[in-house]
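Here's a quick briefing to read with the model open on your screen. Have a look at the fold, then work through the points below.

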Amino acid sequence: MKKQLRLDKYLADMGVGTRSEVKVIIKKKRVSVNGQIALKDNVKIDIDNDDVLVDGKKIAYVEYEYFMLNKPAGVVSATTDDINKTVVDLIEDKTKDIFPVGRLDKDTEGLLLLTNDGELAHNLLSPRKHIDKKYYAIINGLVDIEHIEQFKKGLNINDEYTTKEAILEIISTDENEGKSEIYVTIVEGKYHQVKRMFKAICMEVTYLKRVSMGEICLDETLSLGEYRRLTEKEISILKNYNKR
Ligand code: URA
């Protein structure tokens with residue numbers, strides 16, 4: 001279906017100025033649509049096909065924005081918060097009302113996607129889609145092969161709920177320190193899930209970082225708190241999950 005917007009809204013959405021600022025820009029005949037100077041601010045623009053230029057520079061319409069953030073500890077996975085900095089506050093060049101796709105705990109680091117594409121976010125989080133979320137963790141305790149089996153079978157993280165199959169990989173164990181480094185891959189996103197799974201085997205997660213979601217891996221060139229836009233390829237991978 002053809003999506004149309006008023007010219008002033010189109011330009012305001014793309015950050016050219018506020019609605020009243022862009023009306024002035026249009027009045028000054030600085031805007032052209034398909035090669036013709038725009039004379040009215042309410043002219044309808046087909047966002048996929050019309051060619052809009054301001055001072056000769058093309059302004060393409062971007063409906064959705066997609067970011068990957070390397071979330072640092074200390075910021076909350078919310079859009080607003082009275083006390084803490086939020087993950088949305090960290091994305092300085094957003095032009096849309098973006099929100100985080102799911103939550104990481106305040107003390108968890110790593111891969112967090114942010115977008116204004118509600119359908120995509122909903123699908124990525126849907127348990128029916130079974131999208132793997134892989135975490136790196138440091139554990140207080142010595143993780144061994146039997147725990148791998150327990151994670152596979154599912155763990156009772158409260159009286160009623162047993163987790164779905166999870167893949168536990170041991171990276172290293174330190175007998176002197178009584179610590180382990182592991183990867184765990186889960187398909188759900190229950191509240192504090194990884195921490196509660198380790199609690200169920202009487203161990204504590206002392207550091208947690210998400211490294212991937214489906215085929216989207218945390219870009220290791222991003223330092224904590226840094227972000228980048230997703231590539232076209234990454235966006236198309238995510239959109240394919242919608243079709244599953
Ligand atoms: N599991 C947790 O316990 N915390 C997170 O932030 C993510 C998964």
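Start at Ile 139: leaving out residues up to four places away in sequence, Ile 139 touches Gly 178, Lys 179, Ser 180, Ile 182, Phe 198, Met 203, Glu 204, Val 205 and Thr 206 (contact means heavy atoms within 4.5 Å). Keep in mind that this is a predicted model, where local features need pLDDT of at least 70, side-chain atom pairs count only at pLDDT 80 or more, and totals for chains, interfaces and linings use all residues. Residues are numbered from 1 along each chain as its sequence is written, and side-chain values use heavy atoms, with hydrogens and water left out.

**The cores**

- Ile 139 also belongs to the largest nonpolar core, which has 30 residues; such a core is a set of buried Ala, Val, Leu, Ile, Met, Phe, Trp, Tyr and Cys residues joined through side-chain atoms within 4.5 Å.
- Buried here means under 20% relative accessible area, exposed means over 50%, and partly exposed is in between (1.4 Å probe, protein chains only).
- The members that touch the most others in this core are Leu 114, Ile 139, Phe 151, Ile 182, Val 184, Val 194 and Phe 198.
- At least two residues of this core come from each of strands E7 (66–71), E9, E10 (133–140), E12 (179–186) and E13 (204–213), and from helix H5 (193–200).
- Those labels are DSSP runs numbered from the N terminus, with helices (H or I) of at least four residues and strands (E) of at least two.
- Apart from that core lies another one of 18 residues, including Leu 111, Leu 113, Met 213 and Leu 238.

**Leu 111**

- Leu 111 sits in strand E9, residues 109–115.
- Is Leu 111 buried or exposed? Leu 111 counts as buried because its relative accessibility is 0%.
- Beyond neighbours within four places in sequence, Leu 111 has contacts that include Met 68, Leu 69, Leu 104, Val 211, Ser 212 and Ile 216.
- Ser 212 is 101 residues away from Leu 111 in sequence, yet their C-alpha atoms are 6.4 Å apart.

**Strand pairing**

- E10 and E12 run antiparallel and are joined by eight bridges (two strands pair if DSSP finds at least two bridges between them).
- Across that pair, Ala 137 stands opposite Ile 182 in E12.
- E12 also runs antiparallel to strand E11 (residues 167–174), with seven bridges joining them.
- Ile 167 stands opposite Thr 185 in E12.
- The hairpin of E11 and E12 has four residues between the strands, and Gly 178 there takes a positive phi near 70°.

- Most residues other than glycine have a negative phi.
- His 130, not a glycine, has a positive phi of about 50°; it lies in the loop between helix H3 (118–125) and E10.
- His 130 counts as partly exposed because its relative accessible area is 39%.
- Cys 202, in the loop between H5 and E13, has a positive phi near 65°.
- Cys 202 counts as exposed because its relative accessible area is 73%.

**The ligand**

- Which residues surround the ligand? They are Leu 104, Asp 105, Thr 108, Tyr 135, His 192, Gln 193, Val 194, Lys 195 and Leu 208, each with a heavy atom within 4 Å of it.
- A polar side-chain atom of Thr 108 lies 2.8 Å from a ligand oxygen atom (a polar contact is a pair of N or O atoms within 3.5 Å).
- A polar backbone atom of Val 194 is 3.1 Å from a ligand nitrogen atom.

How values were computed. Polar contact = N/O pair within 3.5 Å; in protein donor to acceptor, adjacent residues only side chain to side chain.
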